[in-house]
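Visitor: Please take me in for a close look at one part, the place where the chains meet. Then carry on from there into whatever packs behind it.

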Amino acid sequence: MATKAKAFDLKAQPGFSAIARIAVVSLYLPIIILVVFSFNATSSLGVWGGFSFGWFVMAWHNDLIINAALFSLFLATVAGVFATIMATMAAIAMTRSDAYRGQTISYALINQPLIVPEIVTAISLLIVFAAVKSATGYSGTGYLVIAHTAFCIPFAYLPIRARLEGMDLNLETAAADLYADPWKTFVHVTLPRLGPGIVAGFMLAFVVSLDDVVITDLVKSGGQETLPTFMLGQIRRDMTPEVNAAATMLLIPSILLVTAVHLINRKK
Amino acid sequence: MSIATHVAPAADRKSAIQTIGLQKSYGSGAATFLALDDVSIDIAENEFFTLLGPSGCGKTTLLRLIAGFNFPTDGQILLHGKDIAPLPPFKRPINTVFQNYALFAHMSVAENIGFGMKMLGWPKEKITARVAEMLRLVRMEALAERRTSAISGGQQQRVALARALAPQPQVLLLDEPLSALDYKLRKEMQVELKRLQTETGITFVFVTHDQEEALAMSDRIAVMSKGKVLQVGNPREIYNAPVDRFVADFIGESNILEGRVLDDAGPGAFQVYVAGTTITAYGHATRGSAIQVLIRPEHVDVLDIATPNALPAEVENEVFVGSDTRLGLKLENGARFTVRLSNSPELDRQRTAGGRVWLRIHDRCARLLGAEHV
């Protein structure tokens, strides 16, 4: 590393620090402004009127916000668990089997939600679910769970696959040599070594589900609101810093989880 | 053979592992690679059996087939007479010590050793007792609760051994287990392995490319090259009577001379004309045929006067290497010849380059080699 840095140090290139500063400011300034105005004492979104926790208190007592937040957490947990289970199975199938026809294609298909524009996925799901809805009459949360699970899979898949690929295959061979059948090998050797990857995968899936707006907004039935779709609805009407306060609260679990994923991956 | 200590071949003992016409190929069509070609060996119970050969000779492939990690393309693998070729590794009472040890880093030393027995469903008290016994056997009692990442390479080696021996396998396979250790530790572990094998009475099948290691530890050795077994025998047979040029070259140092068979000279003995002189060589040959003769560097006396049946040679160089002196010589036909002489202070004398000497080969120490396997 040290010798590489000597040969070509990106940080020493002219303009590096200026570009870095502009990037950081333009990425984080809007978020900082949003957080700052959630503490505004007046109902203005642009003029500072003094410090207050008022909007947080108000949001906390707003049943609509609380219900939306709880629904978001429920959805993210369920979809995160489903996505993680499927991603784990897919990753094992693709890293622990002999090469087969269509292996590359399956990889591309699993990662499809990362590539296809979200609005396209959202509209296709809307059309399919509308047909199912009119055929069955079912309009529960099942659609949202399916939709969220689907687009969360690649986020859960990538860290799990990376972990599997970095694992010494000899360990599984050694387990088989020591009388562990494939299932026991998985439980006693692969899974414990895979644990951090699975946790990281689940956390990423959870955050992605928690933050989604576009697909949720198109797929949800009447009366179903996640925190993001509720906020989207709010700003179409009479917008107050209450939305800022809700957004600030939504930021906290996201930041915590992404930080945790980073720490887990670093600890290997 | 005239050599006294001779380990009986498998014939008059019970065999532990037998392979019959074992074949393993990779790929298909024109790209087919034959990793094992018609390998039939018979490994006796309680034997320390070594598969020896250069990298790519198929020795590890053979080990993996016995372990069940790969399956043969053709042929049988018998364990105490029963065909185990179709069984997966977890159904074979055979354990392996891996080259990189493959210890479970998320478990302690004791948990690693207990793993196989736990998978076999042994009762807890029995596992605990056996783990303690194994820790004693490999002298690791003090480190039972350590993580395997927190112990040295030599200690990891012992844990890998204990883990593989603990479930009392019928056969223990060792895949170059000493190659990652430094020279001194390797020597220690050679003695240690031999001790463990004698104490446990388990059949060891040991894979190595190190001929010295093979000679030092084995009851019998199978020398392999290009997927074939060239020779099976005890270390003395392999060293003293190699079947062909490959085995002769691979095991120990050798001088190999081109010659012609002149006449019979008693049972298994022939008058052979090499480098302008007639010597007596032992092996199988037909009169009049061209042949190769093997002479080990330490099986030669260097004389200063012309002697019948001694090969005349010219000294090219002399290297003092402590216990021995190595003489580089040139024979009358231009062939190079190396002699190794044991040193002692009263015998030590220097020879000048260009000096003339006569090489007298020790009785019965010139071997006829068969046609080389290609």
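Guide: Two residues are in contact here if their C-beta atoms, placed from the backbone, lie within 7 Å. This is a predicted model, with local features needing pLDDT of at least 70 and side-chain atom pairs counting only at pLDDT 80 or more, while totals for chains, interfaces and linings use all residues. Residues are numbered from 1 along each chain as its sequence is written, with chains lettered from A and ligands numbered from 1 in the order in which they are written.

Follow α10(A) and you'll run into α8 (residues 142–165) of chain A: their axes come within 8 Å and cross at roughly 155° (axes are lines fitted to C-alpha atoms, for helices over the stretch in contact, with angles from 0 to 180 degrees between N-to-C directions). That's why α8(A) and α10(A) are roughly antiparallel to each other (under 35 degrees is roughly parallel, over 145 roughly antiparallel, 65 to 115 roughly perpendicular, the rest oblique). From α8(A), the residues that meet α10(A) are A:His148, A:Cys152, A:Phe155, A:Ala156, A:Tyr157, A:Pro159, A:Ile160, A:Ala162, A:Arg163 and A:Leu164. Among their partners in α10(A) are A:Leu194, A:Ile198, A:Phe202, A:Leu204, A:Ala205 and A:Val208. By class, this helix contact has 16 nonpolar, four polar and one charged residue.

The axes of α2 (residues 109–119) and α4 (residues 153–165) of chain B come within 7 Å, crossing at roughly 30°, so α2(B) and α4(B) are roughly parallel to each other. B:Val109, B:Asn112, B:Ile113, B:Phe115 and B:Gly116 of α2(B) make this contact with B:Val159, B:Ala162 and B:Arg163 of α4(B). Those residues split into five nonpolar, two polar and one charged.

Now for what α4(B) sits on: α4(B) lies across β6 and β7 of chain B, at about 175° to β6(B). β6(B) and β7 (residues 171–175) of chain B run parallel and are joined by four bridges, with B:Val97 standing opposite B:Leu174 in β7(B). Both strands belong to an open, six-stranded sheet with mixed pairing, in the order β6-β7-β8-β3-β9-β10 (chain B). The edges are β6 (94–97) and β10 (228–233) of chain B, each pairing on one side only (strands pair if DSSP finds at least two bridges between them). From one strand to the next, the twist averages 20°.

Zooming out, chain B divides into domain 1 (10–247) and domain 2 (253–369), with bounds from an automatic or database domain assignment. Their centres, taken over C-alpha atoms, are 39 Å apart. Four residues of domain 1 of chain B are in contact with five of domain 2 of chain B, and the domain 1 side has two nonpolar, no polar and two charged residues.

Definitions and conventions
Helix = DSSP H or I, 4+ residues; strand = E, 2+ residues; numbered from the N terminus. Nonpolar A, V, L, I, M, F, W, Y, C, P; charged D, E, K, R; others polar.
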